[in-house]
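This report describes one protein model for a reader who has not seen it before. The sequence and structure come first, and the description follows.

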Amino acid sequence: GNLSASIVSDEAQIRAKMDASSINPSTFAFLSQISALSPSGTSNVKVDMRSSAGEGETFESNIEGNFSIEMANGILRGVDYSQLRPSLEGELQEDENIQIGDTLAQTPVREFLLQGDVNHGVAWIGDSSFLIEDYR
């Protein structure tokens, strides 16, 4: 990958590009700060982000780009599918509550694909999927 920075017409610009294979995204500390759900396992990660900031602006609010995480087999941390499944099948009682983001909860997954775009610092997830064993 690469990282570049420049100043153009009193505006600072940065760009980060990464195409990494056989890396575990759970090693990226910043992911735990932005999401309660986290993939863990050997993955291919692609990132292409850029931002700019003029006087009085922040880089965070101007981030744009895209990212993807592809994992053949691994764990989705932050949710226990066995607790979530009854709510998907209408078996959950109205007064029951499901914990999303529980740091101890995890669900084994395969064929995990997470793709997203970032616009003005907000990530939008799309064209993403994963399979859970024993769910049909």
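## The largest pocket

Strand β4 contributes the most to the lining of the largest pocket, giving five residues. The model is a predicted one. The volume of the largest pocket is about 990 Å³. Its lining is made up of 35 residues, and those closest to the centre are Phe30, Leu31, Ile34, Phe67 and Ala123. Two or more lining residues come from each of β2, α1 (29-34), β3 (38-40), β4 (43-53), β5 (64-77), β6 (106-119), β7 (122-125) and β8 (129-131).

What kinds of residue line the largest pocket? The lining divides into 26 nonpolar residues, six polar ones and three charged ones. As to how such a space is found, rolling a probe the size of a water molecule over the atoms shows where empty space is left.

## The chain as a whole

The protein has two helices and eight strands. Along the sequence these elements are arranged as β-β-α-β-β-β-α-β-β-β. Of the 136 residues in the protein, 26% are buried.

Among contacts in the protein with a separation of 6 or more, 58% join residues 24 or more positions apart.

Strand β2 spans residues 11-23, and the loop between β1 (2-8) and β2 holds Asp10. Asp10 has a positive phi, near 65 degrees, and is a residue other than glycine. Is Asp10 buried or exposed? Asp10 is exposed because its relative accessible area is 73%, and exposed means over 50%.

Ser22 lies in strand β2. Ser22 also has a positive phi, of about 55 degrees, although it is not a glycine. With a relative accessible area of 58%, Ser22 is exposed.

Asp19 is placed in strand β2 too, and it is exposed at a relative accessible area of 57%. Beyond its neighbours within four places in sequence, Asp19 is in contact with Val45 and Lys46. The C-alpha atoms of Asp19 and Asn44 are 7.5 Å apart, while the two residues are 25 residues apart along the chain.

Ser43 belongs to strand β4. Ser43 has a relative accessible area of 2%, so it is buried, the limit for buried being under 20%. Which residues does Ser43 contact, leaving aside its neighbours within four places in sequence? The contacts of Ser43 are Ala20, Ser21, Ser22, Ile23, Pro25, Ile69, Glu70 and Met71.

## An aromatic pair and a nearby loop

The count of aromatic pairs comes to one. The ring centres of Phe112 and Phe130 lie 5.8 Å apart and the ring planes are at 25 degrees, so this pair is stacked; planes under 30 degrees apart count as stacked. The pair links distant parts of the chain, with Phe112 in strand β6 and Phe130 in strand β8, 18 residues apart. Phe112 is buried, at 6% relative accessibility, whereas Phe130 is partly exposed, with a relative accessible area of 38%.

Ser128 sits in the loop between β7 and β8. The relative accessible area of Ser128 is 32%, so it is partly exposed. Apart from its neighbours within four places in sequence, Ser128 is in contact with Leu113, Leu114 and Gln115.

Leu37 is in the loop between α1 and β3. Leu37 is partly exposed, with a relative accessible area of 34%.

## Separations in sequence and in space

| Pair | Apart along the chain | C-alpha to C-alpha |
|---|---|---|
| Leu37 and Gln106 | 69 residues | 9.2 Å |
| Asp19 and Asn44 | 25 residues | 7.5 Å |
| Ser128 and Phe112 | 16 residues | 7.8 Å |

Methods. Residues are numbered from 1 along each chain as its sequence is written. This is a predicted model: local features need pLDDT of at least 70, side-chain atom pairs count only at pLDDT 80 or more; totals for chains, interfaces and linings use all residues. Side-chain values use heavy atoms; hydrogens and water are left out. Helices (H or I, at least four residues) and strands (E, at least two) are DSSP runs, numbered from the N terminus. Buried means under 20% relative accessible area, exposed over 50%, partly exposed in between (1.4 Å probe, protein chains only). Contact means heavy atoms within 4.5 Å. On a 1 Å grid over the protein atoms alone, a cavity is a set of points where a 1.4 Å probe fits but cannot get out, and a pocket is an open set with protein on both sides within 12 Å along at least five of seven lines; lining residues have an atom within 4 Å of a point. Grid points are joined across faces, edges and corners, and a volume is the space filled by probe spheres set on the points. Ala, Val, Leu, Ile, Met, Phe, Trp, Tyr, Cys and Pro count as nonpolar, Asp, Glu, Lys and Arg as charged, and the others, Gly among them, as polar. Rings of Phe, Tyr and Trp (its six-membered ring) pair if their centres lie within 6.5 Å; planes under 30 degrees apart count as stacked, over 60 as edge-to-face and the rest as tilted.
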